[in-house]
Amino acid sequence: MAKFNPVRYFMIAAAAVGLTIGTATAASASLYICDPGEVCLYEGSYQGGGGAFTTQTALTPYTSYQFLNSSGLYVPGNINDRVGSAYNNGTTGGYDKVELFRDTNYTGGLVARFAPGLWRNNLPTFQDAGVSSHNWAK
Ligand SMILES: [Ca+2]
């Protein structure tokens, strides 16, 4: 009959905790850092600054997401109508343009459309005029 081994039990528990912490840290870092293939949204109105939110995918509604600061902490409130500047770090070819829309679900009119390697600055951030969703386009 196998006896309970407290040392072995502790090591398994520690490994499980370590894995969880490692995953959370990696996710936080990648959210703040503008990696290749991503659309990168910032609070700052000129080429970034303040909180950041980065993603490879189309995103709607912005009310479901928060900026992250450089310390990896969430900025209070959501990113809706608060994106001051955006960078297209996508790969050239195919659906490589980023389209920013005034309303959720890619409606309400185009606020900006830009190719990989380009910034869009001084985006509107007052009330409903701000960006509320984005998509990739050809
Ligand atoms: Ca809006």
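Me: Before I look at the sheet, what has to be found for two strands to count as a pair?

Reply: Two strands pair if DSSP finds at least two bridges between them. Keep in mind that we're reading a predicted model here.

Me: Okay, so in which order do the strands of the open sheet come?

Reply: First the general idea: strands of a sheet pair through backbone hydrogen bonds, either parallel or antiparallel. In this model, four strands make up an open sheet, ordered β2-β1-β3-β6, with antiparallel pairing. β2 and β6 are the edge strands, each pairing on one side only.

Me: Can we walk across it? How many bridges link β1 and β2?

Reply: β1 and β2 are joined antiparallel by four bridges. One to find by eye is Tyr42, whose bridge partner in β2 is Ala52. Next, β1 (residues 38-42) pairs with β3 over five bridges, again in the antiparallel sense. There, Leu41 has Ala86 in β3 as its bridge partner. Finally, β3 and β6 (residues 119-120) run antiparallel and share two bridges. Ala86 turns up again, with Arg120 as its bridge partner in β6.

Me: Is β3 mostly covered or mostly open?

Reply: Count the buried residues along the strand. β3 spans residues 85-89, and four of its five residues are buried, which leaves the strand mostly covered.

Me: Now a single residue. Why is Phe53 called buried?

Reply: The idea is to count neighbours: a residue is buried if 20 or more other C-beta atoms lie within 10 Å of its own. Phe53 has 25 other C-beta atoms within 10 Å, so Phe53 is buried. You'll find Phe53 in strand β2, residues 52-55.

Me: Which residues does Phe53 touch?

Reply: Leaving out residues up to four places away in sequence, Phe53 touches Leu31, Leu41, Tyr65, Phe67, Leu68 and Ile79. Take Ile79: it sits 26 residues from Phe53 along the chain, yet their C-alpha atoms are 8.2 Å apart.

Me: And how many residues are in the largest nonpolar core?

Reply: It has 21 residues, and those with the most contacts inside it are Cys40, Leu41, Ala52, Val83, Ala86, Leu100 and Val131. β1, β2, β3, β4 (97-103) and β5 (107-114) supply at least two residues each. The top giver is β1, with four residues.

Me: What does Val131 touch?

Reply: Setting aside residues up to four places away in sequence, the contacts of Val131 are Tyr62, Val83, Leu100, Phe101, Arg102, Val111 and Leu123.

Note on methods:
Residues are numbered from 1 along each chain as its sequence is written. This is a predicted model: local features need pLDDT of at least 70, side-chain atom pairs count only at pLDDT 80 or more; totals for chains, interfaces and linings use all residues. A residue is buried if 20 or more other C-beta atoms lie within 10 Å of its own, exposed if 12 or fewer, and partly exposed in between; C-beta atoms are placed from the backbone. Two residues are in contact if their C-beta atoms, placed from the backbone, lie within 7 Å. A nonpolar core is a set of buried Ala, Val, Leu, Ile, Met, Phe, Trp, Tyr and Cys residues joined through C-beta atoms within 7 Å.
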